Amino acid sequence: MKSGEPGALVTTLEKALTWGRSNSIWPLTMGLACCAIEMMGTQASQLDISRFGSEIFRNSPRQSDLMIVAGTVTKKMAPRLKRLYDEMPFPKYVIAMGVCVIQGGPYVHGYSVVLGVDRVVPVDVYVPGCPPTPEALTYGIMTLQKKIRGETDR
Amino acid sequence: MQDFIEINFGPQHPSTHGVLRLKAKLDGEIVKEIEPVIGYLHRNAEKLCEMTFYADNLVYFDRMDYVASMLMESGYLEAAEKILNIVPPERVLWIRVIMNELSRIASHLVWAGAFGLDLGMLTPFFYCFAERDKVLEVFTEICGSRQETNYMSIGGVYQDITPGIVDHIEAFLESFPKRLEEIYKIFVGNDVFISRNKGIGVMSREVAIDYGVTGPMLRASGVNYDVRKAEPYLVYDKLNFEVPVSYKGDNLARFLVRFEEMRQSVHILKQAIRKIPDGPFFNPKAKKSMMIRLRGDGEYYARTESSKGEFGVYIVADGGVKPYRVHVRSPTFKNLSVVQELAKDQMIADMVAILGSVDLVFGEVDR
């Protein structure tokens with residue numbers, strides 16, 4: 001076949017959809033604490049998150065597919081977080097960023113901290129660290145993309 | 001009888017710099033009354049400090065003002081070392097000054113980037129974070145962590161600064177002033193930025209003092225008060241620097257004061273790198289095996305100048321291995337309270353600009 005001639009690409013609709021979906025995950029700005037600054041760092045020039053199709057941080061839950069919960073979730077914030085999650089359209093994903101979000105972190109003995117955001121909303125990918133580096137968050141997003149495409153990690 | 005519209009700002013809003021909720025009463029577009037609602041990030045750090053050893057409490061201080069963790073650490077150690085009767089060696093004081101000023105630069109850069117975002121400017125955000133990453137590279141080299149450093153410890157620092165790290169800092173100081181002026185030009189060369197900030201949110205000297213405002217916000221209102229000069233700690237009395245003061249009191253003045261502070265920080269760093277003496281980097285009395293056996297007695301209040309203002313730590317000890325009570329006087333909590341005064345009778349769009357100019361960090365407000 002000469003170049004420039006129309007060709008054909010055979011795939012399933014499922015594969016095409018998940019490929020498109022995995023490469024345009026728009027996150028919701030859910031910066032709660034320290035990890036939010038590293039999340040902003042991931043978005044900034046050093047490690048450009050837009051290489052993975054997640055460049056646009058939406059401020060409205062109705063326009064976003066992914067909720068990166070970055071920072072400690074307190075008992076006062078948890079109902080608001082749940083409400084924002086409920087407002088997001090399907091299909092929706094959650095990344096738990098940082099140990100505070102995973103299980104309470106350094107504040108695990110405190111009285112006002114929710115011990116893991118998975119008690120409030122379902123979580124797809126956990127990114128440990130306090131705070132995780134931007135590289136770690138990028139890896140978390142790549143892991144989520146694999147999950148959306150139905151590939152296994154190993 | 002006049003009707004007001006009540007609107008709700010936050011806690012999930014891009015301009016609240018974290019998790020602040022504002023209840024605003026509007027008359028058309030004019031803000032008549034706002035009421036900040038805080039506590040969405042209350043992590044009970046003060047209470048947890050009572051349950052942990054003196055050395056381990058640094059973890060909670062790192063995460064208070066999380067963009068300037070070195071400043072928080074040295075603020076806590078000012079008080080804790082007095083309580084525990086441990087005097088750090090001379091070299092440690094100089095290392096702490098260097099780290100403090102680097103942290104101050106990083107903190108102000110985050111503020112400048114976020115302030116730009118609030119006013120609809122995306123470009124300075126990338127410039128500021130690129131420069132901030134260079135500071136964080138130094139931190140990574142020195143302690144292995146980017147943001148929450150946990151570098152300082154009681155009686156010293158975690159590890160000595162090697163000639164390689166000094167070279168790294170010097171290379172940063174070489175390139176940074178040029179980049180800073182570039183960032184400054186992006187802001188000041190923009191007419192929209194000037195007209196949205198000049199004369200907006202004017203805080204008079206009296207209001208600033210009445211509300212207990214400190215830091216760059218106070219200095220922008222014409223009060224020459226900086227803890228580094230008024231009550232020198234570490235080795236700030238051996239360094240030559242100036243405290244920028246503006247008499248305008250508006251958003252633009254606060255912006256200019258912060259940028260001048262960054263220039264002064266570079267000035268301090270250049271002197272400190274040259275003057276740093278040789279010696280041990282920790283007090284042998286506070287070696288690692290002794291850390292959890294350190295006992296303190298009495299009470300002490302230490303004040304330091306963080307990037308946001310006067311950061312005070314009050315520790316009460318009862319002779320045990322853990323403090324009896326730790327209280328933090330956080331500057332942003334006081335600075336936030338003045339917002340309801342500044343935003344009165346301003347436009348709703350200007351309220352966002354005023355809120356941005358305060359430099360809020362919620363880890364510190366709610367603690």
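Leaving aside neighbours within four places in sequence, A:A96 is in contact with A:V69, A:V101, A:I102, A:V117, A:D118, A:V123, A:Y126 and A:V127. Two residues are in contact here if their C-beta atoms, placed from the backbone, lie within 7 Å. The structure is a predicted model: local features need pLDDT of at least 70, side-chain atom pairs count only at pLDDT 80 or more, and totals for chains, interfaces and linings use all residues. Residues are numbered from 1 along each chain as its sequence is written, while chains are lettered from A and ligands numbered from 1 in the order in which they are written.

A:A96 also belongs to the largest nonpolar core, which has 151 residues. A:V69, A:A96 and A:M97 have the most contacts inside this core. Such a core is a set of buried Ala, Val, Leu, Ile, Met, Phe, Trp, Tyr and Cys residues joined through C-beta atoms within 7 Å. A residue is buried if 20 or more other C-beta atoms lie within 10 Å of its own, exposed if 12 or fewer, and partly exposed in between, again with C-beta atoms placed from the backbone. Helix α4 (residues 90-118) of chain B gives the most to this core, with 15 residues. In soluble globular proteins, nonpolar side chains tend to be buried together.

Chain A has five helices and four strands. Helices (H or I, at least four residues) and strands (E, at least two) are DSSP runs, numbered from the N terminus. The elements of chain A run α-β-α-β-α-β-α-β-α from the N terminus on. The C-alpha trace of chain A spans about 70 × 30 × 30 Å along its principal axes. Of the 154 residues in chain A, 44% are buried. Among contacts in chain A with a separation of 6 or more, 79% come from residues 24 or more positions apart.

Two helices of chain A cross. The axes of α2(A) and helix α5 (residues 134-149) of chain A come within 9 Å and cross at roughly 75°. That makes α2(A) roughly perpendicular to α5(A), a label for angles of 65 to 115 degrees; under 35 counts as roughly parallel, over 145 as roughly antiparallel, and the rest as oblique. Axes are lines fitted to C-alpha atoms, for helices over the stretch in contact, and angles run from 0 to 180 degrees between N-to-C directions. From α2(A), A:E38, A:M39, A:G41 and A:T42 meet A:P134, A:L137 and A:T138 of α5(A). By class, this contact has three nonpolar, three polar and one charged residues. Ala, Val, Leu, Ile, Met, Phe, Trp, Tyr, Cys and Pro count as nonpolar, Asp, Glu, Lys and Arg as charged, and the others, Gly among them, as polar.

The contact between the chains takes 29 residues from chain A and 30 residues from chain B. On the side of chain A that touches chain B, the elements giving two or more residues are α2 (34-43) and α3 (78-87). The largest share of that side, five residues, comes from α2(A). By class, the side has 14 nonpolar, 12 polar and three charged residues.

In chain B, three strands form an open antiparallel sheet in the order β1-β2-β3. Two strands pair if DSSP finds at least two bridges between them. The edge strands are β1 (5-9) and β3 (30-37) of chain B, each pairing on one side only. The twist averages 20° from one strand to the next. Seven bridges join strand β2 (residues 21-27) of chain B to β3(B). B:L22 stands opposite B:P36 in β3(B).

Further antiparallel pairs follow in chain B. Strand β6 (residues 297-305) and strand β7 (residues 310-318) of chain B pair over nine bridges. B:E299 has B:V316 of β7(B) as its bridge partner. Their hairpin has four residues between the strands, and B:G309 takes a positive phi near 155° there. β7(B) also pairs with strand β8 (residues 325-329) of chain B, over five bridges. B:V313 is partnered by B:V328 in β8(B). This second hairpin has six residues between the strands, with B:G319 at a positive phi near 90°.

B:L234 is found in the loop between α10 (227-230) and α11 (251-275) of chain B. B:L234 is buried, because 21 other C-beta atoms lie within 10 Å. Leaving aside neighbours within four places in sequence, B:L234 is in contact with B:L93, B:R96 and B:V97. Helix α14 (residues 348-358) of chain B is mostly covered, with nine of its 11 residues buried. α14(B) is followed by B:D359, whose phi is positive, near 70°.
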